[in-house]
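Walk through this structure with the coordinates open.

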Amino acid sequence: MQLERNLSIIMIVFSSFFLVMSLQVENRTGNIISAGTWPAALMILMLVLSVILLMRALKAKDVQNIKGDPDDSADADNEDQLVHPKKFFLLFAVLAIYTLILGYVGFIAATILGIFVMALLFGIKSYIRALLTGILATAGSIVLFPILLNLPFPRGTGIFYTLSLLFY
Amino acid sequence: MIEGLLGGFGNLFEPFNFFILMVGVLLGFIGGGIPGISGTMLVIILLPVSYAMDPAAAFLLLTSIYATSVFSGSISAILFRTPGTPEAVATVFDGYPMAKKGEGGKALGISIFSSATGGVFGTLVLIFLTPLLASFALSFSSPEYFALALMGLTVVASLSAGNLVKGFIGVSFGLFIATIGIDTMTGVPRFTFGSGQLMSGIDFIPVLIGLFAISEVLRRVQQVHKVNTKQKVSSELPNWNVMKRISGVIGRSSLLGVFIGILPGIGATTAAMLSYSEAARWSKRSKEFGTGIPEGVAAPESANNAAAMGAMVPLLSLGIPGSATTAILLGAFILHGIQPGPLMFSTQGSLIYTILMGLLVANLMILLIAKPFISIFSKILLVPYTVIGPLIILFCIVGTFAVRNSIFDVAMMLVFGIIGYYLENAKFPLAPIVLGVVLGPIAEDQFRRAMQMSNNDISIFFTRPIALAFIILSIISILYPFINKWIKKRRNQGGGTDQTVAS
């Protein structure tokens with residue numbers, strides 16, 4: 001319920017911000033229905049619904065407070081399943097770094113390193129197996145995509161660019 | 001016509017043509033099965049190769065890839081929650097829960113059966129009803145298209161029954177995402193914040209992969225992964241009882257799929273999504289949809305294959321493509337010096353009938369080849385999730401990157417992965433967001449065009465019979481959950497009073 005409440009607050013902020021933005025979209029044609037009308041209508045709808053959702057979440061919270069939070073046991077079950085909550089942030093960080101460096105170090109280096117770290121995060125114990133997973137996955141994708149299907153994969157810059165030319 | 005079809009059948013079974021058809025079927029399976037390689041992409045890649053062949057072989061190759069890739073997108077959708085092609089996104093909703101319950105083989109079998117049936121039905125419609133159906137779709141104008149898109153949107157929003165508010169928030173969020181970028185009608189940039197990449201908008205593939213696949217991987221990384229037991233996943237074709245159970249759904253979805261496929265610009269993805277929600281709406285088990293039931297796999301799979309064939313109708317009869325892939329096929333025809341259109345039946349009759357018979361056989365091949373193909377393909381399941389997880393992420397990254405060769409899209413996929421993760425934790429239905437993104441451009445463009453047509457008089461939507469019919473259906477579908485709830489409440493109250501009186 002707390003998550004629902006927080007999400008509805010985020011949605012209220014989101015829809016209010018973009019409602020203002022929509023109203024500021026330039027009207028080149030002078031028509032009543034301009035480029036900003038459709039998104040503005042959507043944001044009004046989203047704003048109203050998010051307020052309803054927030055009110056419901058707050059109401060539900062009050063009821064829970066009186067009844068003594070019946071969701072406690074369900075939450076405990078959920079926590080049992082997701083035993084490594086930190087890994088969520090770690091994986092997100094790895095993916096964010098991967099996306100950031102992809103353009104600079106190219107597909108080969110970024111993917112070998114990325115898959116190696118991800119395999120360790122997912123629970124592969126042996127470093128060698130994780131590295132092999134990274135190398136084989138990268139090799140497989142290079143054969144399939146840039147070589148066989150002519151997809152222009154990112155090459156990176158400098159030495160990474162030269163390295164990529166050896167393969168695709 | 002019969003002579004033409006027999007001639008086409010004869011051409012098809014010439015050894016080289018038949019060999020090419022088989023190659024096309026297999027390539028379509030592989031292409032559709034691997035996330036990141038869509039049927040559209042394969043057709044584009046093989047277009048230059050086909051130029052070297054004679055037209056019959058070239059179009060057998062391209063059209064058989066097109067027909068079979070629509071089916072095989074469901075394999076990874078069912079097994080890994082990653083749709084191999086965008087058309088299979090609705091298959092995830094029930095296919096993956098079935099696989100999670102240990103019914104992966106059953107789900108795959110239902111997908112094979114439904115796809116083949118939908119595809120064959122679509123091809124038969126393509127063969128026999130082309131002129132009639134094309135003329136009906138031709139009478140559609142902007143108000144009708146907007147009303148149709150509106151109906152699609154309200155249908156999925158009401159699908160999230162009980163979570164109607166969340167469903168509509170999802171739809172409006174999806175529709176809003178579709179507005180980002182340069183406005184196609186006036187050229188005004190919207191919500192781009194000066195970013196060049198946002199000018200071309202947010203493609204729906206990163207949204208789709210992020211919401212469904214990345215969010216799942218982000219969840220599973222937090223779990224402890226046990227070593228997979230050597231469970232053999234083989235597809236099992238549905239038995240008589242299941243066939244009987246899903247036959248009505250397949251029939252309705254195939255019809256709906258063909259109809260939507262024929263309408264230009266609304267492709268198999270929308271057909272699958274719409275037929276899924278229609279199946280949920282009319283089913284006695286509507287509350288079980290999303291938990292892993294055969295109807296939830298049968299509906300989108302029969303509809304997307306039927307729609308893929310339906311999209312060929314305007315292409316062959318009028319020279320207007322009904323979807324992205326058929327637009328590429330149109331280019332292929334022109335590349336071979338052939339102009340698709342009404343005259344094609346008289347000038348290229350033999351080629352047309354060969355293509356039609358090829359499509360029929362390719363769809364039947366799904367029944368024969370899919371089973372052994374899946375048993376090889378599903379060996380991937382024996383690999384532990386510690387290896388599969390990073391590989392799924394890799395496929396997601398490559399699949400997203402391949403659409404527009406854009407690292408920005410990969411970043412968008414990640415953003416929507418996080419959004420999907422938190423929304424799912426708060427029990428938000430994700431399908432309405434995807435539907436909003438897919439239908440957004442059609443809904444907005446057609447609405448604005450209709451308003452231009454009528455000088456901003458909104459009555460245009462209520463004075464045209466087809467548009468009015470769609471709008472009435474939309475209103476009914478929005479109000480239906482409320483009316484249903486009210487009736488149940490009244491009934492319960494009535495029951496309660498009776499009991500009190502009786503006691």
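A nonpolar core here is a set of buried Ala, Val, Leu, Ile, Met, Phe, Trp, Tyr and Cys residues joined through C-beta atoms within 7 Å. The model is predicted. Its largest nonpolar core holds 199 residues. Within that core, B:Leu62 and B:Val434 touch the most other members. Domain 1 (2-78) and domain 2 (85-165) of chain A both contribute residues, so the core lies between them.

Take B:Val434. Neighbours within four places in sequence are set aside here. The contacts of B:Val434 are then B:Val89, B:Gly174, B:Val207, B:Leu208 and B:Leu211.

Helix α4 of chain B covers residues 55-80, 26 residues in all. From first C-alpha to last, α4(B) reaches 38 Å, close to the 38 Å expected at 1.5 Å a residue. There is a bend in α4(B) of about 35° at B:Ser69. Of the 26 residues of α4(B), 25 are buried, so this helix is largely enclosed by the rest of the structure. After α4(B) comes B:Arg81, with a positive phi near 65°.

Helix α2 of chain B spans residues 15-33 and has 19 residues. Its first and last C-alpha atoms are 27 Å apart, close to the 27 Å expected at 1.5 Å a residue. Which residues of α2(B) are buried? They are B:Asn17, B:Ile20, B:Leu21, B:Gly24, B:Val25, B:Leu27, B:Gly28, B:Phe29, B:Gly31, B:Gly32 and B:Gly33. An α-helix has 3.6 residues a turn, so residues three or four places apart point the same way.

Turn to chain A. Chain A has 6 helices and 0 strands. From the N terminus, its elements read α-α-α-α-α-α. Chain A has 168 residues, and 33% of them count as buried. Consider the contacts in chain A with a separation of 6 or more: 57% of them join residues 24 or more positions apart.

Last, the contact between the chains. Chain A gives 54 residues to this contact and chain B gives 45. On the side of chain B that touches chain A, α9 (164-179), α19 (385-404), α20 (407-425) and α21 (431-453) each supply at least two residues. The largest share of that side, 10 residues, comes from α19(B). What is the make-up of the side of chain B that touches chain A? Its residues divide into 29 nonpolar, 11 polar and 5 charged.

Definitions and conventions: Residues numbered from 1 in each chain as written. Chains lettered and ligands numbered in written order. Predicted model: local features only at pLDDT ≥ 70, side-chain atom pairs only at ≥ 80, totals over all residues. Contact = placed C-beta atoms within 7 Å. Helix = DSSP H or I, 4+ residues; strand = E, 2+ residues; numbered from the N terminus. Nonpolar A, V, L, I, M, F, W, Y, C, P; charged D, E, K, R; others polar. Buried ≥ 20, exposed ≤ 12 C-beta atoms within 10 Å, placed from the backbone. Domains from an automatic or database assignment. Expected span 1.5 Å × (residues − 1). Bend = angle between axes of the 7 residues up to and from the residue.
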